[in-house]
Structure formats: C-alpha cells, structure tokens
Amino acid sequence: MKYLSEIKEIVAGILQIPVEQLDVNANMNDVENWDSLRNLVILSTLEEHFEIQFPDDDIFDLTNVQALADEIEKLK
Amino acid sequence: MLYSYSPSLLKLLANAERLPDKVAIIAGDEQVNYSSLWLNIRKAATWLDVHGFKKNDRVVLCAKKEPHYVYMYFATMILGLIHELADPDSDTETLQYDVNDVLSCAPFEGCAEGVQEHDITEILHTTGTTSKPKSVCLSHFNIYWAAKNTSDFVQNDENDVEVVVMPVCHAFGCRRLTLTLLNGATAVLLPNFANVQLLIRTIEKYHVTTWGMAPAAWAYVRKISGTRISKYKDQIRHIEFGTAAMPMAGKKEVVELLPNTRICHNYGLTESNRSAMIEYHDTEHLNSIGKPIADNVEIRVINGEICVHGNQTMECYLDPEDNAVAFVDGFFRTGDCGYISEEGYIYLTGRAKEMINVGGKKVSPVEVEEMICNFGVGDCICTSSPHDMLGETVKAYILRGSTELSLEQIDENMKKLHAQEIYKCPTVYEWIDEIPVNSLGKKQRRALTGK
C-alpha cells in the first residue's frame, strides 16, 4: 500500500490521536474523536493532499482508514 | 402524590406500568425495556442519595448517549437535584460512577420532599453570542412542556422508533430523547452522524420512523449517502430540523426525497426551547419560521425583536447579571429581528447573532478573536467564509501593524494551541487596515461578509 502510512499520519493528526493507536480496519464509529465534522475535514484534507476528488457514489463506503487508502490508490 | 412536581417522572412511571416489556432504549447490543428503565432510574437515585446528594445540589452529568446517562438524568429529578449537562467531548469535570455499582443499589422509594414544579432541575449551556456562554436554568415544568409541545407538533406517538443522533447535552437532542421516552416510544442511540452507513443500517434494522437533525447533518448525510435515504420514504413518519436555518433549496430537496414524511423545522434557542415550527409541505410560507409551536406559547415582536413567552421558556439565567436584559414585559428576548404577518406567520429579517456554523458546530467569532489576541495580536475581526465541505469556516482579518507575527505564525499557533477544537481555527487569514466598528465601538462583522 503506497499511501497507507501517509494517510494514517493525516487521519491521526486530525483526530488528535497517536498514529500507532489508529487501527486501519476499525470502523470510524469505533475510533476516538471520529465525528462527522472531523470526517469532512479528513475527506477534504485528503482530497487536497493527494489532488483527487472522491466520487459521490464511493464516499458512502469510506468508513475506515483502509477503505480510504484503497480508494486513493484507485484514484491516483 | 409522588412526583407531582415532575410530569416527566409521572409519564415514565405510567409507561413502566402500562408498557413494562416494551423496549425503551437500544444502545449497541443493549436493550432496556420501560420496566427496567424506571427501576434503574430509581437505583441511580439511591446511588446519588447514598453519595450524599441533597435537594437543590448541582450534579454535572456527562451527556453520553448510553442508558446509564438516561438513568442518572431522571434520577436527579427524583431527589430534586439540579443536573448540568456537559458535552462528553469537553474537559468539564463530571460525576464519576461505576455503572455496576449504580445498578446494584436498591430502587429508591419515594422522592424528595417539597420540590415544586417551577424549581430548577436542568442547566444547559449556550454557545453564547459573546465569548461568555450563558447557563440556562430550566424547571421541571419547562422541560416537560418543551418535550410535549415538540411531540404534539411533530405528531410523535408510542409506535415511533426514534434514532437519537444529535448530542444530548444540548436542548435539541436532549428533548428528542425525552419526548420519545415520555411517549413510550423506542429510542435507538447512535454516537454521531459520522458513519452514515451505520445510520442507514440502523434505520433499516429497527424500522426507524423519526429523528431530529441539524441542516448541516442533513447536508452531510446527503453528501455521504446520495439519495439512499429516499428508500425509506414510506417508513419515516417525521423529521425535525433545528439549530440553524435550512437553505430554501435544501427544504425543497428534503420534501422531494421524502414526500410522505412530515418535515418540521423548529425555531428556538436554548432559553426559549422550541418556540415556533414550520412544516415543509406548507410551501406558501417556507420563508417563515412558522407559527408558535403550541397554544401555550406566545410570540410578540417588541421593538422589532422576536420575544417569546410560554410554558417551555426558561425560568432564568444562572448568572443574575445575564437576567438584567434577558426579558421584556415577561417575554424572553431572542435577539432576532423579525415581523409577524397577518396570517400569523413569523418572519426573521436579521439575526442579532453572528455565530459561524462550521459543519454544524457553532463558533463564536468573539471567542476566536480573543484566542488570536491572546498570543500577541493587537486586534482582529473574525467572520464566516464559505467552504465546500463544511459549509462555513472562520476567516480572520488581522489588524495590520498590531503584531509582529506573520499570518502563517498565527495560523500555526492557533492549530497548536487549539488542536482539540480544530473547527474554531480560521482557514483563511487576511490583513486589514482598519477594524470596522459602529458608533458604539462594536465590531461590524457583517460589513465584511455582507451577511
């Protein structure tokens, strides 16, 4: 996974949790601080950082870090 | 009569007797029926009593969407205590207890003596139009009528299944939860809106019929899930919007996606609770905030300002200083300007408040200005700035020559010092040569946004 560790850093930074604490397969509702507002910040930061745009139809399934990484891999 | 001061407790007692096996609360894998709910509330009352809490004592509750919070919330009323609701995300020190300890107590018999209907039972904190949020004092009478008026308008009943997603530390979510339980309906508790997949699965699994949400949450749900919600158009009986205005296009979109659902939008403040309501199928008056929510609520325009009086209007602010200008002729001053049409519909013409709505979180520009000035900026002024994902974010204008810091340094400081409240950090910084103020020296934020 080319971008996984970079994505983990960004997400952990926004959620204000140590990166090693972030389980890439954990559902967002089981991850501390991951609320809707921070989810929007995560999505927009990743879009900006990787110069991509998440297609509307795919966002629904982006419920953990692994899914975000897979999606970004697909879009790059 | 026991609990005669609290119509809310009387309702819960009646539900426990009438619907003992009906599920009252679902939270994750846990389900609590009405008989257990009442029993556990009484156990929590015993726990509080054993720990020395006495009538009129204040208890700060961490408003987590979990059954034990609901037990404590109502248990305080049995003892005539005053509960103060704290956001679980805040650093506020809250009552600590072991849930197993609470549930191992014997149920409390009776209730506190001498408690009156108009005694304060709840303190809620407003976000405030200035940097100092206010503490709102609500009585047993107020909170019951706030829930009842809302329930009657939206037409909630015991057959409904509510998904409670909004925070319950604020009036909006708190009253959604209360009205559901007082009606003998079922409340499914979800931590937040973040995982829309979970929300949709919950709607499907529990056959959810009602909920309340902020317009920002609706925009979020739409962004994440597209039009999937319309699959439940014949299932969802009503939705209540609140906390902010919905753009006209949003109102029309909700009705298009959910044509058979009663879509209500409340107008109110923590102080006045829901005061007016509009139903989105009333297409002729969608520009208005509707009419008073119930017969016991009166709305008048006094000196151009919307003022409210009713069973649900707060008793007072906690700080006597705040009360000095809060009421006029017994009516609570909302700070909003408007007028009432001949048909009785209320229209807002301007908001005295200048809150910035960052993805549903209300941010006081005054508070952010103080944060910025705290690390060596002479003066600044904050306004809203449009943002694709979040709707609005904070924009800061820094008074040129009032600091030796660069805009980048200010940004870095803000992000470092206020990382826990990242939504308060401005996303745009600009220098300004002069801070616009009126003749009284008040900052004129609208002059910069055209809002």
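Contact here means heavy atoms within 4.5 Å. This is a predicted model, in which local features need pLDDT of at least 70, side-chain atom pairs count only at pLDDT 80 or more, and totals for chains, interfaces and linings use all residues. Residues are numbered from 1 along each chain as its sequence is written, chains are lettered from A in the order in which they are written, and side-chain values use heavy atoms, with hydrogens and water left out.

**Leu407(B)**

- Leu407(B) touches Ile398(B), Tyr429(B), Glu430(B) and Trp431(B), leaving aside residues up to four places away in sequence.
- Leu407(B) lies in helix 12 of chain B, residues 407-417. Helices are DSSP runs (H or I, at least four residues), numbered from the N terminus.
- Leu407(B) counts as buried because its relative accessibility is 16%. Buried means under 20% relative accessible area (1.4 Å probe, protein chains only).

**Interface of chains A and B**

- On the chain B side, 22 residues are in contact with 21 residues of chain A.
- The two chains bury about 2,100 Å² between them, 62% of it on carbon and sulfur atoms. Buried area is the accessible area (1.4 Å probe) that two parts lose on being put together, summed over both.
- Gln197(B), Ile224(B) and Met389(B) supply 27% of the area that chain B buries against chain A, more than any other three residues.
- Helix 7 (196-205) and helix 8 (215-225) of chain B each supply at least two residues of the side that touches chain A.

**Charge pairing**

- Between chain B and chain A there are 0 salt bridges. A salt bridge is a side-chain nitrogen of Lys or Arg within 4 Å of a carboxyl oxygen of Asp or Glu.

Methods:
Buried means under 20% relative accessible area, exposed over 50%, partly exposed in between (1.4 Å probe, protein chains only).
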